[in-house]
Amino acid sequence: MCETKINENNNKGNNDSNNSENIIIQLKKIFRDENDILFLCHHNADPDAVGAAIGLKYLADTLNKSKNKNIRISANSVSKLSKSILEDLNEDIEIVYSPKLSKVVFFVDTSSLNQVSVDENKLKDSKIILIDHHRKTDLINLCDLYIVNEKSPSTCEIVSNIFREMNIYPPKNIRTALLCGIVYDTKHLKLANEGTFNTIAWLIKGISFQKILYLLTQESDESKRIAHLKACSRMELRELNKCIIALSHVSSHEASCAKTIVSIGADVSFVVAVRKKDREIRISARCRKSISKKVHLGSLMEKIAKKLGGKGGGHAEAAGLNAKYEKGRNKEEVIKEVLNVCYGVFKEEYINN
Ligand SMILES: [Mn+2]
């Protein structure tokens, strides 16, 4: 597979040779032979997760000729942007908290189990496949097969390359969904590489690029803008060898806030959201490229999550975690405590690298 590095997990006694052609053959066989498949997206599924899942489902639908097939896409929530793309493409996905698991379960654009809501015990009865571009986490140990390419700017690009390897040219609406995911995850092509442009050239036949940009345009809603302003006004700055670390908290939009804080000048940001009602703590972290060369935020958040009894992961420059919020604890204290843990673990990694 051209730009995509493919890894295969041999934990479950699968000793097939570790090459991409082989994985494509295995994947094709699964699509052809399995009648019960679930494509699972991470919570608040973004256009990359949704586009990749739509692409994979199309492959399964096309290759499987059975009349009794049950092929679904599921997420516990989808982003506003994804919702409007789905409407425009006339595609539908199931939105449920804990989906009924199929014989084959694909995790799409999802690097760890905390990004989905599934019955972990029941997963053991399913064949598990991961298609993703985030840093690998423990989830990999559950997989029978995986295609993970951390260098790919989007999961949609990986899926497009699967189409190319299988010699299948997708119809216009599927290509539109894939293009939306690619353009979204590359931040309107800012993070695109040579392979991305090659993939776009292959996908875009008969599609207007302006249409893709239009589908990805959305007014920033008021609650998000207010969250940004609150995150900035509550921000605490700490300095470490000329690296400016910003710590803050909001009740929602923590990812967007962390991103905004780096865009206005911080080197690293950690933004916590405590959701008392859901008994959940979420932390989002962002950093500049220069920092990510010393500290990979994805593995940093995985480490911090372990300290907080939660799960985390992500990219070198953008990552997050979820942990449990214990009932009865003071919210302000919890915020202070988790931000100190973030700072402490970051400091250790930053100084030692
Ligand atoms: Mn993605």
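Me: Which are the buried residues of helix α3, and how should I read such a list?

Reply: The buried residues of α3 are S82, I85 and L86. They cover an arc of only 100° around the axis, which puts them on the same side of α3; the arc is taken over the directions from the helix axis to the C-beta atoms. A residue is called buried if 20 or more other C-beta atoms lie within 10 Å of its own, exposed if 12 or fewer, and partly exposed in between, with C-beta atoms placed from the backbone. Helices (H or I, at least four residues) and strands (E, at least two) are DSSP runs, numbered from the N terminus. Residues are numbered from 1 along each chain as its sequence is written. The model is predicted, and local features need pLDDT of at least 70, side-chain atom pairs count only at pLDDT 80 or more, while totals for chains, interfaces and linings use all residues.

Me: What covers the buried residues of α3, and which exposed residues does the opposite face carry?

Reply: The cover includes α2, α5 and α7 (209–215), where a contact requires C-beta atoms, placed from the backbone, to lie within 7 Å. The face turned away from the buried side of α3 carries the exposed residues K80 and E87.

Me: Which residues of α1 are buried?

Reply: An α-helix has 3.6 residues a turn, so residues three or four places apart point the same way. In α1 (residues 20–33), the buried residues are I23, L27, I30 and F31. Seen down the axis of α1, these fall within an arc of 95°, so they line one face of the helix. They pack against α2 (47–63), β4 (104–108), β6 (145–148) and α4 (155–165), whereas E21, K29 and D33 are exposed on the face turned away.

Me: What phi does N90 take, and where does N90 lie?

Reply: Phi of N90 is near 60°, a positive value in a residue other than glycine, and N90 lies in the loop between α3 (80–89) and β3 (94–95). N90 counts as exposed because it has 7 C-beta neighbours inside 10 Å. H188, likewise not a glycine, has a positive phi of about 55° in the loop between α5 (172–185) and α6 (194–203).

Me: Which way do the residues of strand β11 point?

Reply: In a regular strand the side chains alternate between the two faces of the sheet. In β11 (residues 311–314), K311 and G313 point one way and G312 and G314 the other way, and all are buried. β11 pairs with β12 (residues 318–324) in the antiparallel sense over four bridges, pairing being assigned if DSSP finds at least two bridges between two strands. The bridge partner of K311 in β12 is N322, and the two strands form a hairpin with three residues between them.

Technical notes. The expected span of a helix is 1.5 Å times one less than its number of residues. Two residues are in contact if their C-beta atoms, placed from the backbone, lie within 7 Å.
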